[in-house]
Amino acid sequence: MKLLIDAGNSRTKWAWCPEQSSQPTALQINTLDNQDWFEGTAQAQALHAAIAKASRIYLSNVAGERWLQALPERDQRLQAIVATSLSLGLQNSYSQPAQLGSDRWCSLLAVWRSEGKSALVVSAGTAMTMDALLVKQEVKQELKQAQAMFAGGSIQPGLRLMWQSLQQGAAQLDYAYPDLDAGTDGFAQNSQHAMWVGCVQALAASVAAQYARLCQQLDHVPLLFMSGGDADLIARYLPHALSAQAIIVDNLVLKGLACLAKCSDE
Ligand SMILES: Nc1ncnc2c1ncn2[C@@H]1O[C@H](COP(=O)(O)OP(=O)(O)O)[C@@H](O)[C@H]1O
Ligand SMILES: CC(C)(COP(=O)(O)O)[C@@H](O)C(=O)NCCC(=O)O
């Protein structure tokens, strides 16, 4: 069985690749904090056991060399994904294609292969990335040949990083990250709530602005895909019409890895 691993900067997600006949949506996703991986806790042992059993391992790693060092060994079964200038009919417009994070590339591939339509692909994880997928014309599955382009995107701090930058950088803002969604209605009347409103609004407003920018470049309405640990939360604070339109997917990176794994069989 093929194993899919998405090593992000905060958490590692992994799943077995479904057999050819099943749908990619059938992924059973396991999640562990990277700290568990580094410390080799029981949760890490489950992934180690999966690695030992796998026939092939498809890895998107943006967590650096430290994540790789916790692998027992690096053998020929391991395929570490690097973004290229063209894959599965999707062109990469980065001037140095390999500089694009493999997680962003996999997410774009997942949306391109499953939808075949233009989209803004948002990943709300440690960082928040918002990437433009342009599809010149809506194409049928069998016609998918280099008709799509990743036109570029943006990177900004994610929710917890924004919080930490205020908490650590301002002497009077040493407040813990809230346990519950504190809401953004009205005007905040205490510091912790004010920080929350500022951080959540900044992220939601960025998504709305990037989506509007993409709409201006197209003669059709793009999809809005949102993935990552804070996708649900940020989607709730989008303008109403956009929030209703957002398609929240639990792990686009693993779905993109599954596309690459399946394509290697063809
Ligand atoms: N149960 C959770 N554990 C950890 N982070 C969570 C959880 N639920 C939501 N989050 C949020 O998800 C973010 C991590 O999302 P994720 O998509 O896994 O990021 P990455 O791919 O960068 O590791 C965290 O910064 C945090 O704000
Ligand atoms: C932008 C990222 C830090 C996002 O990482 P994540 O929040 O998913 O852990 C990662 O995709 C990355 O390191 N990218 C390389 C630079 C780039 O994509 O331009």
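Which residues surround ligand 1? In this predicted model, where local features need pLDDT of at least 70, side-chain atom pairs count only at pLDDT 80 or more, and totals for chains, interfaces and linings use all residues, side-chain values use heavy atoms, with hydrogens and water left out. Residues are numbered from 1 along each chain as its sequence is written, while chains are lettered from A and ligands numbered from 1 in the order in which they are written.

Ligand 1 is surrounded by G8, N9, S10, R11, K13, G125, T126, R160, G228, G229 and D230, a residue being near a molecule if one of its heavy atoms lies within 4 Å of it. This shell comprises seven polar residues, four charged and no nonpolar; Asp, Glu, Lys and Arg count as charged, Ala, Val, Leu, Ile, Met, Phe, Trp, Tyr, Cys and Pro as nonpolar, and the others, Gly among them, as polar.

Polar contacts are pairs of N or O atoms within 3.5 Å. An N or O atom in the T126 side chain is 2.5 Å from an oxygen atom of ligand 1. For K13, a polar side-chain atom lies 2.8 Å from a ligand 1 oxygen atom, and for R160 a polar side-chain atom likewise lies 2.8 Å from an oxygen atom of ligand 1. Of the 570 Å² of accessible area that ligand 1 has on its own, the protein covers 73% (Shrake-Rupley method, 1.4 Å probe).

The unreviewed UniProt entry lists D6, A7, G8, N9, S10, R11, T12, K13 and T126 under "binding site"; such annotations may be inferred rather than shown by experiment. These residues are spread over 121 residues of sequence, yet cluster in space, with a largest C-alpha distance of 13.5 Å.

Terms used. A polar contact is a pair of N or O atoms within 3.5 Å; within protein, one must be able to donate a hydrogen and the other to accept it, and residues adjacent in sequence count only if both atoms are side-chain atoms.
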